[in-house]
Amino acid sequence: MPLCPNCQQPMRIGRADKSRAWSCRKMGCIRSSGSYISIPNDTNLSIADMAEDMALGFFNSSADQAKQQATFRRLAGGLNKLESGKKYLSDPELQTIRDAARVLERLGSAAERAKKEKKRLEKEKEQREAARKAEAKQFIAAFSEHDNVMDIALNALTLSDIHATSRYDQAFNEGDLQSLIKHARPEQLLTSIENKITRSLQAQINKAADTISWQDQSVSDCIKQLRVKFNEHRETCRSAHRDLLADLQTAMTVESSDKIERLKTNFKKTF
């Protein structure tokens, strides 16, 4: 399979009307010299070339290739077993059927090879993303984890605001805080709040690292960009979530104070 002379990525096989060609699909290479190579109409592609092109398909998986393999093999088998109609066909017609079965067998072999290659690529991608995610989590934790719960809360909210696509992506909200105050045992409330905030930060670190895991840039470059956004958004986030942070501070101050006498209530398990 030829490589694009501009980006050095494998070129893909395409067909337009009656012509075939190797071509680069990257936007920056489409009109560049050498990014399009015609394939003669009488040229049979090798099983290796077909398999590699199938495996490079972005919107398919090894499972899809397995289904395609089964389809090709089933069609080829059906043609080879076409016994009832053979007596009506001439020798050239029978040869056409045999040729069609052979072509389908070649496609089936290519799909089988593509399935194995796709599995290998999927495994490599999984391992690459897992390694990148683990590395990214360490870097993000280094600048976002803190001993102070209020700083942890602000950092969690900042990370969630950076990656939020809706209001449901917020690290925690007033409802979460009030639910803790309502349902936690009085003697465990402070610990429950601290645990909730810490878990919220860890969830946001995990989400940010997951976003970095599949990007093309190096992890260090992605972290630098995230750190810039984090520093830019942190004070804006403090202002945007001022009331929530104030309520959190109040709840923690009340629970950690020795000067406040709490009313005794009957705690009832709800589980």
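Predicted model: local features only at pLDDT ≥ 70, side-chain atom pairs only at ≥ 80, totals over all residues.
1. **Elements.** The protein has eight helices and three strands. Read from the N terminus, the order is β-β-β-α-α-α-α-α-α-α-α. The radius of gyration is 30 Å, well over the 18 Å that the globule rule gives for 271 residues, so the protein is more spread out than a compact globule.

2. **Dimensions.** Along the principal axes, the C-alpha atoms fill a box of roughly 105 × 50 × 30 Å. Look at the model with those axes in mind.

3. **Burial and surface.** Of the 271 residues, 32% count as buried.

4. **Contacts along the chain.** Residues 24 or more positions apart account for 67% of them.

5. **Charge.** There are 45 positive and 37 negative side chains. The centres of the two sets lie 5 Å apart.

6. Strand 1 covers residues 12-16 and strand 2 covers residues 19-23. The two run antiparallel and are joined by five bridges. Ala16 has Ser19 in strand 2 as its bridge partner. Two residues sit between the strands of this hairpin. There, Asp17 takes a positive phi near 55 degrees. When checking side chains here, keep one rule in mind: in a regular strand they alternate between the two faces of the sheet.

7. **Ile140.** Is Ile140 buried or exposed? Ile140 counts as buried, because its relative accessibility is 0% and the cut-off is under 20%. Ile140 belongs to helix 3, which spans residues 91-144. Beyond its neighbours within four places in sequence, Ile140 is in contact with Leu159, Ile205, Ala208, Ala209, Ile212, Ile223 and Leu226. Pro10 is 130 residues away from Ile140 in sequence. In space, the two are 34 Å apart, C-alpha to C-alpha.

8. **Asn155.** This residue lies in helix 4, residues 149-163. Asn155 has a relative accessibility of 3% and therefore counts as buried. Which residues does Asn155 touch, not counting those up to four places away in sequence? They are Phe143, Ser144, Leu201, Phe230 and Arg234.

9. **Points to inspect.** One is Asp17, with its positive phi, in the hairpin of strand 1 and strand 2. Another is Ile140, at 0% relative accessibility.

Conventions. Residues numbered from 1 in each chain as written. Heavy atoms only, no water. Pairing = 2+ DSSP bridges. Helix = DSSP H or I, 4+ residues; strand = E, 2+ residues; numbered from the N terminus. Rg over C-alpha atoms; globule rule 2.2 N^0.38 Å. Buried < 20%, exposed > 50% of the residue type's maximum accessible area, 1.4 Å probe, protein only. Contact = heavy atoms within 4.5 Å. Lys, Arg positive; Asp, Glu negative; His and termini not counted. Charge placed at Lys NZ, Arg CZ, Asp CG, Glu CD.
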